[in-house]
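These notebook entries record what I looked up in one structure. I began with single residues and then turned to the ligand.

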Amino acid sequence: MKSVGVVGIIFLALIRASISNQWEFPDDFQFGTATSAYQVEGGWNADGKGVSVWDRLTQTPGFVTDGSNGTVACDSYHKWEEDVQMIKNLNTDYYRFSLSWTRIFPNGFANGINQPGVDYYNNLIDELIANGIEPIVTLFHWDTPDIFSALGGFYTPTFIDLFANYARTAFDLYGDRVKRWITFNEPKVLCQDYSEFMGMINEYYPNGIIEYLCSHHMIKAHVKAFRIYDLEFRLRQRGRVGITLNFEWSEPASDSPEDVVAAEQRRQFEFGLYANPVVYGNYPQIVIDRVAERSKLEGFPQSRLPKFSLLEQINNRGTYDFLGLNHYNSWLVKATEEVPIGKPSVQNDIGTSRHVDPGWEDTEWDGKVAPWGLRNSLIWLKKTYRDPEILITECGYPDKTGTLEDDRRISFLQQYLNATLQAIYEDKVNVKGFTAWSLMDNFEWGQGYTVKFGLYFVDFNSPDRTRTPKKSAEYFRSVIESRRV
Ligand code: PNW
């Protein structure tokens, strides 16, 4: 056991030594950490807050692996001043956090604003700014007002106006001080991967219909919020609005033309489905064609993929000031036989198969350490979307212990930061910041408190939710200070 530890340490030391230290982060490159409301705040019903789908669903036995919930979480609803001091100690430029919709509008609808909830974010924003930290605000990080479940959640267009009203209120309340906004966090995870977690009645509908409906409405809601900012706030507030999309890198498993096409197909379904409308106005052609073709064979009178009208396409175009990228995993993708026509599903529309190379370094949860996947993602974004400004809005390393001696997290960060430097200097990608997920250990959705991403350890057994910096916090701070990995 001991010798494994020693070998491990030598191995990590070798990786670290092999990473060149030739580059400095450019002056305008920024660093930050991120959290989301349900994952850290707690105070689930404090001071008039309404119920979100996560407040309700976590009460179902078996829903979360360890039976836990975010009722108290890191108790940031009460400990926000301490949070800001933790951020200040890291010396980061910004802090990315999300607003809880039902703290502001307990019923989700834009009447009956809840002043204590509004003030919570006023206080947090003011405290951040007073400490020289820019607030970057995500409007929606999965904690849907529960009342919307009865309306059909994201499956109905009703959601678009509900979100637009909420977004306008947030711009109006906080936009004098918040200059960077993210409308949605990871629509793909919400609509495709974890839709069963999101409080949406989907047992009646084949996934291959509702996943596209959900995505469609979310894109429209993003566009609507962006245009509201343009028309009503931009001139006065001079902020910037983006969207955060997650990208698991798809690398062709071989040089064969079939595998190269398969990998690109996957990228277009997983990332292009959301990015293409926002950048160019419409869905990627390969997605349009494949879903239309399979829908026809399945006997649908029209494609399961909803259509943007020409006017909508024009309105969609260019609705981003920057693209937010969340990156965790990479895969090798192979071409496969076409999945036989049967139950409609996005996975069958995508086709292809994917696997990881067993030789890649493991993380301590899902996923592998593959920093070249981040670099390739960045290069692909530059090429595919006309060199957008990119903010890495999440990247981080999961473990199960929460150890303070988190050398493997340090090694991960070092490798991914180095990949970012390569993308900047060798590939000339316009990437402007790196956000470590997460500031502190927190409620990891369906995994509860069993998976930890924090630079700070949180003691969930203590009523105080005591925070302790891990070794990685010191490492991140040193990178920010020296501007080198
Ligand atoms: C993100 N994937 O979710 C979320 O934005 C965070 O709230 C979450 O805590 C964090 O990642 C860590 O899991 C993801 O399958 C979920 O690649 C799944 C994937 C990526 C991100």
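In which helix is Glu270 found? I located Glu270 in helix H11, residues 257–280; helices here are DSSP runs of H or I with at least four residues, strands are runs of E with at least two, and both are numbered from the N terminus.

Basis of the entries. I worked from a predicted model, in which local features need pLDDT of at least 70, side-chain atom pairs count only at pLDDT 80 or more, and totals for chains, interfaces and linings use all residues. Residues are numbered from 1 along each chain as its sequence is written, and side-chain values use heavy atoms, with hydrogens and water left out.

Entry on Glu270. I recorded Glu270 as buried because its relative accessibility is 3%; buried means under 20% relative accessible area, exposed over 50%, and partly exposed in between, with a 1.4 Å probe and protein chains only. I also noted a polar contact of 2.8 Å between the side chains of Glu270 and Arg266. Such a contact is a pair of N or O atoms within 3.5 Å; within protein, one must be able to donate a hydrogen and the other to accept it, and residues adjacent in sequence count only if both atoms are side-chain atoms.

Entry on backbone angles. I looked up two non-glycine residues with positive phi. Glu186 has phi of about 50° and lies in the loop between strand S4 (180–185) and helix H9 (187–193). Arg238 has phi near 55° and lies in the loop between helix H10 (207–237) and strand S5 (240–246). Is each of them buried or exposed? Glu186 is buried, at 6% relative accessible area, whereas Arg238 is exposed, at 66%.

Entry on a cis bond. I found the peptide bond from Trp437 to Ser438 to be cis, with omega near 10°. Ser438 lies in the loop between strand S13 (431–437) and strand S14 (456–458).

Entry on the ligand. Which side chains place an N or O atom by a ligand oxygen atom? I listed Trp437 at 3.3 Å, Glu444 at 2.7 Å and Trp445 at 2.9 Å. Taken alone, the ligand exposes 460 Å², of which the protein buries 92%; these areas come from the Shrake-Rupley method with a 1.4 Å probe.

Entry on Val369. I placed Val369 in strand S11 (residues 368–369), and I counted Val369 as buried because its relative accessibility is 7%. Val369 and Phe105 are 264 residues apart in sequence and 40 Å apart in space, C-alpha to C-alpha.
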